[in-house]
Amino acid sequence: MPDELRPPPKIRARGRSFLALVLSPEPALADWLLGLDAQIARSSTFFAGKPVILDLSLLDAGTEGLAGLYPALRERGIRIIGIEGGDPSWPACAQWDWPAGFMGGRASGAVEIPEDTATATAPEAPRGSSMILEQPIRSGQTIMNPDGDIIIVGSVASGAEVTAGGSIHVYGPLRGRAIAGMNGQPDARIFAHSMQAELAAIDGYYITAEEIDPRYVQQPAQIILSNDTLVVQPLVPPTFAGRKT
Amino acid sequence: MAKVLVVTSGKGGVGKTTSTAALGAALAQTGQNVVVVDFDVGLRNLDLVMGAERRVVFDLINVIQGDAKLSQALIRDKRIETLSILPASQTRDKDALTAEGVAKVMQELREKFDWVICDSPAGIERGAQLAMYHADYAVVVTNPEVSSVRDSDRIIGMLDSTTERAKAGGKIEKYLLLTRYDPARAARGEMLRIEDVLEILSIPLLGIIPESEEVLRASNLGAPVTISSPDSPPARAYAEAARRLEGEKLEVTVPTERKGLFARLFKGRG
């Protein structure tokens with residue numbers, strides 16, 4: 001079929017709406033910027049990735065510091081997609097990279113800027129829910145549960161990595177890496193039905209396979225952190241004193 | 001001045017990792033400071049072939065991302081003290097390799113070692129590209145089969161166009177390493193002839209490695225064949241290839257089993 005007879009491909013488009021924030025700076029601009037900085041300090045990620053429209057209606061051509069306002073906002077990582085209430089012919093705005101505006105738009109009320117609370121109160125080491133897995137963990141897979149224990153009913157292959165905020169329990173051969181107590185929990189432990197770990201770490205302290213006593217390799221064992229040293233202990237069934245066999 | 005060598009092929013399973021380990025060990029045995037670098041992020045094997053898998057703590061990606069210093073990730077071989085390995089990460093993929101990160105690590109390795117040998121992943125994508133980018137020399141590992149030869153031809157084209165040297169108007173020195181060569185099958189005409197491979201690829205021949213059980217045994221033992229059985233035909237072929245890399249002029253032969261007592265007594269009819 002000759003090219004000119006072929007219909008041009010149909011272009012598909014989908015709609016997506018974002019909420020743009022409208023910032024209305026007030027004079028004196030230096031004070032307003034200080035207030036903005038204080039707000040960003042309390043809510044560091046609030047403006048990240050959000051479109052912002054700059055409303056200049058409270059200012060005029062002669063407002064002190066107007067020329068520096070646009071660069072000051074850009075410097076703070078604020079992405080300005082439109083400017084309204086001002087005029088590109090204002091001399092102070094001559095250097096601005098005046099974005100093409102958008103049409104339409106519906107006003108929606110004031111936006112509450114959330115405050116970061118995480119920094120104020122350090123979270124108490126969360127002992128969240130356990131993660132239970134019943135399939136073999138393959139080489140290259142990473143399993144992570146930052147809030148609690150990981151229980152694996154099966155094997156962990158060489159080259160796999162299991163990372164838990166709490167303890168790690170492997171009811172099978174542990175041949176990969178086990179990283180327990182990742183958020184700074186020295187009392188976390190690593191248990192394996194058959195200990196063959198490539199690397200074991202608790203609260204940042206680690207040992208490699210070579211450092212594990214060969215007597216405990218391929219045996220049921222646990223690894224604990226004691227005086228900043230990882231200790232491998234055999235998991236032996238309890239013996240009953242005085243009981244005759 | 002350090003020399004950066006990439007061991008590459010395009011096709012998988014032709015013997016890149018085995019050759020990296022064997023050549024690295026052979027060069028280190030001559031007293032050179034050698035590091036072998038695994039670029040096969042996500043499918044690392046070089047640590048196993050080198051017998052270092054039980055000592056891996058940090059890897060190339062950790063160094064690139066600034067989580068570990070290069071000195072923390074380098075593992076020194078226990079048998080040859082001038083040989084080190086920089087392992088790859090098994091839990092990441094090749095997207096974790098950044099051009100800037102690789103450049104920085106290669107610069108640091110150049111300062112520390114005489115030879116930096118990069119084990120390329122199979123394929124022609126990002127991982128293979130980054131492994132070859134900084135190379136001064138390339139060893140193209142090829143089996144005497146049409147599919148392997150065609151893939152090698154493709155890789156040679158990339159070595160001449162997409163590497164740092166090529167972009168600067170220079171040339172990478174490329175050598176052909178013919179592996180898994182079976183003289184018996186060749187005699188029966190079941191394999192491409194050496195002359196045909198050389199004619200198609202037209203790069204100098206670095207060596208011919210015979211197909212051998214020793215190579216398989218060495219990999220499973222976690223020792224390069226040049227360490228585990230230095231007198232075997234493949235080990236001798238690798239050792240000679242390493243000497244050619246260092247500039248010696250040696251005639252390329254197909255090493256065979258050393259002749260036994262009977263063969264020496266009866267040299268044939270006079």
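Me: How do I read the largest nonpolar core here, and which residues have the most contacts inside it?

Reply: Keep in mind that this is a predicted model. The general idea is to look for buried nonpolar residues whose side chains join up into one set. In this case the largest such core has 52 residues, and Phe39(B), Leu86(B), Leu97(B), Leu109(B) and Val116(B) have the most contacts inside it. Helix 7 of chain B, residues 146-159, gives the largest share of this core, with five residues.

Me: Say I click on Val116(B). What is it in contact with, beyond its neighbours within four places in sequence?

Reply: You'd pick up Lys3(B), Val4(B) and Leu5(B), then Val35(B) and Val37(B), and also Met106(B), Leu109(B) and Arg110(B).

Me: On to the interface. How many residues does each chain bring to the contact?

Reply: Chain A brings 13 and chain B brings nine. For the area, ask what the two chains lose on being put together: here that's about 1,000 Å², with 47% from carbon and sulfur atoms. On the chain A side, Arg177(A), Glu198(A) and Glu210(A) supply 42% of the area buried against chain B, more than any other three residues.

Me: And how many salt bridges are there between chain A and chain B?

Reply: Two. In one salt bridge, the side chain of Glu210(A) meets that of Lys78(B) at 2.9 Å, N to O. By class, chain A's side of the contact has four charged, six polar and three nonpolar residues. Five residue pairs are in polar contact across the interface, counting pairs with both residues at pLDDT 80 or more.

Terms used: Residues are numbered from 1 along each chain as its sequence is written. Chains are lettered from A and ligands numbered from 1 in the order in which they are written. This is a predicted model: local features need pLDDT of at least 70, side-chain atom pairs count only at pLDDT 80 or more; totals for chains, interfaces and linings use all residues. Side-chain values use heavy atoms; hydrogens and water are left out. Contact means heavy atoms within 4.5 Å. Buried area is the accessible area (1.4 Å probe) that two parts lose on being put together, summed over both. A salt bridge is a side-chain nitrogen of Lys or Arg within 4 Å of a carboxyl oxygen of Asp or Glu. A polar contact is a pair of N or O atoms within 3.5 Å; within protein, one must be able to donate a hydrogen and the other to accept it, and residues adjacent in sequence count only if both atoms are side-chain atoms. Ala, Val, Leu, Ile, Met, Phe, Trp, Tyr, Cys and Pro count as nonpolar, Asp, Glu, Lys and Arg as charged, and the others, Gly among them, as polar. A nonpolar core is a set of buried Ala, Val, Leu, Ile, Met, Phe, Trp, Tyr and Cys residues joined through side-chain atoms within 4.5 Å. Buried means under 20% relative accessible area, exposed over 50%, partly exposed in between (1.4 Å probe, protein chains only). Helices (H or I, at least four residues) and strands (E, at least two) are DSSP runs, numbered from the N terminus.
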